[in-house]
Amino acid sequence: MKKQVITIFSWIITLWTAKVFLSSLPYKFSLHPDTQHIFGTIGGWMQGIVGDTIGVWFAHYGSYAVGIAELIASSILLAPAVLFLLKKVAKVDLGIDRSVFHCIGGLFSACVMAGAVFFHLITPLGIEVLHQGKSDGGSLFYAAVSILILGSVMAIANFSLIKDKS
């Protein structure tokens with residue numbers, strides 16, 4: 001029963017996390033004006049704290065770095081579905097349990113979003129992102145907080161399954 005509940009919970013969180021991460025990639029990789037505003041604001045703040053080199057780098061390339069991290073996290077979280085299809089179609093079984101991917105993917109997602117929450121709370125970016133007179137209503141911040149909490153819970157729950165097996 002415990003395994004079934006954690007499995008269903010993990011897939012729901014995986015779908016939510018992958019939806020948030022993958023739907024943001026076109027903005028991050030195309031340098032959408034809103035993305036430039038967000039990473040430019042953080043980069044400008046970083047220049048005053050950690051130096052010009054890191055701040056300028058983050059303003060120009062931070063969206064690519066975060067986008068790549070989110071793509072990797074989504075790939076880890078969705079890997080069990082791909083492995084399931086490989087097992088059914090090509091009869092290839094790597095013998096890696098779903099709980100391992102969801103433990104690592106949940107932890108990785110939570111770490112990425114911990115950075116996002118930090119920058120929303122500490123920098124001039126704020127909880128509600130304002131750009132060209134428009135507000136996001138805090139949607140980016142609340143999505144980051146949800147993934148931070150749910151990813152952490154998913155990692156802990158799946159780690160308990162791994163620990164029960166050993």
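Colleague: Does K165 count as buried or exposed?

Modeller: A residue is called buried under 20% relative accessible area, exposed over 50%, and partly exposed in between, using a 1.4 Å probe and protein chains only. K165 has a relative accessibility of 57% and therefore counts as exposed. Please bear in mind that this is a predicted model, in which local features need pLDDT of at least 70 and side-chain atom pairs count only at pLDDT 80 or more, whereas totals for chains, interfaces and linings use all residues. Residues are numbered from 1 along each chain as its sequence is written, and side-chain values use heavy atoms, with hydrogens and water left out.

Colleague: With which residue does K165 form a salt bridge?

Modeller: The criterion for a salt bridge is a side-chain nitrogen of Lys or Arg within 4 Å of a carboxyl oxygen of Asp or Glu. The partner of K165 is D97, and their closest N and O atoms are 3.3 Å apart. K165 belongs to helix α5 and D97 to the loop between α3 and α4, so the pair ties together parts that are 68 residues apart in sequence. D97 is partly exposed, with a relative accessible area of 24%.

Colleague: How many salt bridges does a search of the whole structure find?

Modeller: The search finds four. One of them joins D164 to K2, with the closest N and O atoms 2.8 Å apart. Here D164 lies in helix α5 and K2 in helix α1, so parts that are 162 residues apart in sequence are tied together. D164 is exposed at 52% relative accessibility, while K2 is partly exposed at 43%. Another salt bridge pairs D93 with K87, the closest N and O atoms being 3.8 Å apart. D93 counts as exposed at 53%, and K87 is partly exposed at 42%.

Colleague: What span does α1 reach from its first C-alpha to its last?

Modeller: The expected span of a helix is 1.5 Å times one less than its number of residues. With 28 residues, α1 reaches 40 Å, close to the 40 Å expected. Just after this helix, L31 takes a positive phi of about 55 degrees. The buried residues of α1 include I6, I13, T17, V20, F21 and K28. Contact is defined as heavy atoms within 4.5 Å, and what covers these buried positions includes α2 (33-49), α3, α4 and α5.

Colleague: Which residues make up the largest nonpolar core?

Modeller: A nonpolar core is a set of buried Ala, Val, Leu, Ile, Met, Phe, Trp, Tyr and Cys residues joined through side-chain atoms within 4.5 Å. The largest one here has 11 residues: V20, F21, A69, A73, V112, M113, V117, F141, A143, A144 and I147. At least two residues come from each of α1 (2-29), α3 (52-89), α4 (98-122) and α5 (139-165). The largest share, four residues, is supplied by α5. Leaving aside neighbours within four places in sequence, I147 contacts W16, T17, V20, F21, S109, A110, M113 and S152. There is also a second, separate core of eight residues, among them F39, I42, M46 and L125.

Colleague: Is E70 buried or exposed?

Modeller: E70, located in helix α3, has a relative accessible area of 4% and is therefore buried. Not counting residues up to four places away in sequence, E70 touches F21, S24, L25, K28, V112 and M113.

Colleague: Which residues does UniProt list for "transmembrane region"?

Modeller: UniProt positions follow the numbering used here, feature names are shortened, and annotations may be inferred rather than shown by experiment. The unreviewed UniProt entry lists residues 6-25, 64-86, 107-127 and 139-162. In the model, residues 64-86 are 100% helix and 0% strand, with the end C-alpha atoms 30 Å apart. Residues 107-127 are 76% helix and 0% strand, and their end C-alpha atoms lie 23 Å apart.
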